[in-house]
Amino acid sequence: MISTARQPTSALGQAGATEAPPLEIHDLTVSYHKKPVLWGIDLVVPAGKLVGIVGPNGAGKSTLIKAVMGLLPLNSGWVKIYGKSFQKNLKRVGYVPQRESVDWDFPVNVMDVVLMGRYGHLGLIKRPSKRDREIARECLDKVKMLPYSDRQISNLSGGQQQRVFLARALAQESDVYFMDEPFSGVDAATESAIITLLHELRAKGKTILVVHHDLPTARNYFDMLLLLNMRVVAFGPTEEVFTYELLQKTYGGRLTILSEVAEAVRQKV
Amino acid sequence: MSELIPPFHWHTFLFSPWNDPLIATSNFWIVLMGFMVATACGLVGNYLIVRRMALVGDAISHSVLPGIAIAFLVSQTRGSTAMFIGALIAGIVTTIIIEVIHKKTRVKQDAAIGIAFTSLFAIGVILISLFAAQIDLDQECVLYGEIGYIGPEALAGEHTRIFGIPLGPITVARMILVTIATCVLIALFYKELLVSSFDPGLASSLGINATMVHYGLMSWLSVVVVSSFESVGAILVIGMLILPGATAALLTARFPRILLLTVLNAALSSLGGVHLATWLNCSPAGAMVVMASLLFSAAWIFSPHDGLIRRWYYMRGAGTSEPSEATVELTSK
C-alpha cells in the first residue's frame with residue numbers, strides 16, 4: 001500500500017474497486033436526553049451515488065448526519081468513512097449544515113464564507129492563499145454567485161444563502177458530501193441549480209447524501225433512497241424503494257403524507 | 001447648574017492634561033492603561049458579541065469575588081499574584097458552570113449566565129462577611145478599582161522593566177503583556193475563532209474542536225477581565241467589552257476591519273476620556289466609558305454604512321427601499 005489514500009482522481013473510478021465504501025455505519029444508536037432517536041442503524045453506501053434520506057419529522061434524518069460527522073456522542077456502534085474513522089478522513093468529507101443553523105447577520109461577506117471551506121486544507125496560522133481564493137471563486141461561479149462575492153451575507157435571499165453554503169462545500173474538495181436539507185425554502189431557480197450541481201458532482205464520482213423533506217421530488221432527484229424512521233426502513237435504488245408499502249411503513253398512519261405518497265406512486269405508474 | 005459643570009474652552013480642554021510635566025506623565029500612564037484595557041477587552045468582546053454572549057464578561061467580573069476571598073484565606077496575603085490566580089480560577093469556573101447549566105438543562109444561555117454569576121457573587125459576599133475579621137477586603141475594593149490611581153503610582157513607585165523598557169507599575173506592565181498576547185492569539189487562531197463562531201457544525205467537521213475554542217476563549221476572557229479590572233474598575237472593563245466592538249460593527253460589516261476599528265476606538269476613548277476627566281474633574285474610568293458611548297452614538301448617527309442620516313436620506317430620496325448595500329449594488333448594475 002504505497003499509493004496515497006487520498007486520490008483526488010478517484011473520481012475517474014478505477015480506485016473505487018479496491019477502496020472501502022464512502023460511508024459504512026454499523027449498529028449505530030444515538031439518543032437525546034436518554035430518548036433514542038436512532039436505533040441500530042446498519043448502512044453501507046456505495047461510491048458515486050446521489051442518496052436521498054427521507055422520513056417523517058423527528059425520524060432522525062439530521063441526527064444521522066450529525067452523528068456521522070462526529071457532532072453528537074454515539075451510544076453504540078461505529079461509523080467509517082472510506083474505511084477509516086471520520087477524524088482520520090476529515091478532508092474527504094464535506095458538510096452543508098441547515099441554513100437556519102447559522103446567524104446570517106454575522107459580519108462576513110460571501111467570499112469569507114466560501115473560504116471557510118478551505119480552512120481544512122490550511123495549517124494552523126496559515127492564511128488562505130491566492131490559490132485558495134481562486135478555488136473559492138471557481139466554486140462561487142459554479143453556483144452562479146460570483147458577482148456577489150463581496151456582498152454582505154445578511155443581504156442575501158434564502159436561495160442565495162443556500163448557494164453560498166454549497167459553494168463552500170465545493171471548496172472543501174471532498175469525496176463524500178453530507179447535506180442537511182439544502183432544498184428547504186429555496187426558489188425554483190436555486191432548486192434546479194442545486195440539482196445540476198449534484199449531478200455534476202456525481203459525474204465526478206463523488207458520493208452525496210442529502211436530507212430531503214419533499215417526497216414527490218425525492219423520487220426524481222435521487223439514485224438511491226434511505227427511508228428512515230428511527231431505524232432503517234429500507235435502503236436501495238429509488239425505483240425499488242419508492243413503493244406505497246415501504247413509504248407507509250416509514251411514515252406510519254399520517255394521512256396527509258400518505259395521500260401525497262399515493263399521488264406520487266400513481267404518477268409513477 | 002453653571003457651578004456644577006465647569007466652563008468649556010477648547011484650548012484648556014485640549015492642552016490642560018499635558019501642561020504640567022508631572023500631570024502629563026501621570027496622564028500618559030492613565031491613557032496607556034486605558035488604551036491597553038480597551039484594546040484587550042474590545043478585541044475579545046468582538047467575539048462575545050458575534051457569539052451573542054456579550055454579558056459573560058459582566059458575569060465574570062462579578063463572580064471572581066469568591067475566588068479572591070478564597071485566595072486570600074489560603075495565601076493569607078493581599079499580594080497581587082495570589083488574588084490574580086484566585087480570580088482567574090473563579091472566572092474559568094463561572095464559564096464552566098454557565099456551559100453545564102446551558103447544556104444539561106432546558107435553561108437558556110442568558111438565564112444560565114444570570115444564575116451562575118449571582119450565585120458566585122453571593123457566595124463571595126458571604127465568605128467576606130463570615131471572615132470579615134481575617135479579611136481586610138471588601139467588595140468595593142474588588143469591583144471599583146480606579147484607573148486614576150495609576151498615575152500617582154507610576155510617578156511614585158518602581159517601574160517594572162522588561163528588556164530595560166520601563167512599563168510602569170506592575171498592573172500596567174501585566175496589562176501590556178496581556179494585550180500583546182491577546183493580539184498574538186487572535187492572529188494565530190483567527191481562522192479557528194471565526195469559523196467556530198459563525199458555524200460550529202462546520203468547524204467540527206473540519207476537525208476544529210469548537211468546544212475547546214469556546215473554553216479557550218472564555219479562559220482568555222477571564223485573564224483579560226481579571227488583569228484589567230483589579231486596577232481600573234469593573235465599569236471600564238464591562239463597557240469596553242461591548243462598546244468598541246458594537247461601534248465598529250455599525251461602521252463596517254467585515255470582521256477584520258471591525259477588529260482594526262476596535263483598536264482605533266480604544267485609543268480615541270482612552271485619550272478622549274482623560275481630556276473629559278480633566279475638564280470635568282471626574283473619574284477617568286467613567287469618562288473613558290462616556291467617551292466610548294459618545295463614539296457609539298456618533299457611529300449610529302453618521303455611519304456611511306447604515307447610519308440614521310443615511311437612512312433618513314434614503315427614505316426621502318429613493319422613497320421606498322431600505323438603504324442597504326444590496327439596493328445600492330442592484331441599482332448600480
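User: How many residues of chain A are in contact with how many residues of chain B?

Analyst: This is a predicted model, in which local features need pLDDT of at least 70 and side-chain atom pairs count only at pLDDT 80 or more, while totals for chains, interfaces and linings use all residues. Residues are numbered from 1 along each chain as its sequence is written. With contact meaning heavy atoms within 4.5 Å, 31 residues of chain A are in contact with 27 residues of chain B.

User: What area do chain A and chain B bury between them?

Analyst: Buried area is the accessible area (1.4 Å probe) that two parts lose on being put together, summed over both, and here that comes to about 2700 Å², 62% of it on carbon and sulfur atoms. In chain A, the residues that lose the most area to chain B are A:Phe106, A:Pro107 and A:Tyr119, together 23% of what that side buries.

User: What makes A:Asp112 and B:Arg254 a salt bridge?

Analyst: The term requires a side-chain nitrogen of Lys or Arg within 4 Å of a carboxyl oxygen of Asp or Glu. The closest N and O atoms of A:Asp112 and B:Arg254 are 3.0 Å apart, so the pair forms a salt bridge. The count between chain A and chain B is 3 salt bridges.

User: Why is B:Thr252 called buried?

Analyst: Buried means under 20% relative accessible area, exposed over 50%, and partly exposed in between (1.4 Å probe, protein chains only). B:Thr252 has 8% relative accessibility, and therefore counts as buried. B:Thr252 touches B:Arg257, B:Ile258 and B:Leu261, not counting residues up to four places away in sequence.

Technical notes:
Chains lettered and ligands numbered in written order. Heavy atoms only, no water.
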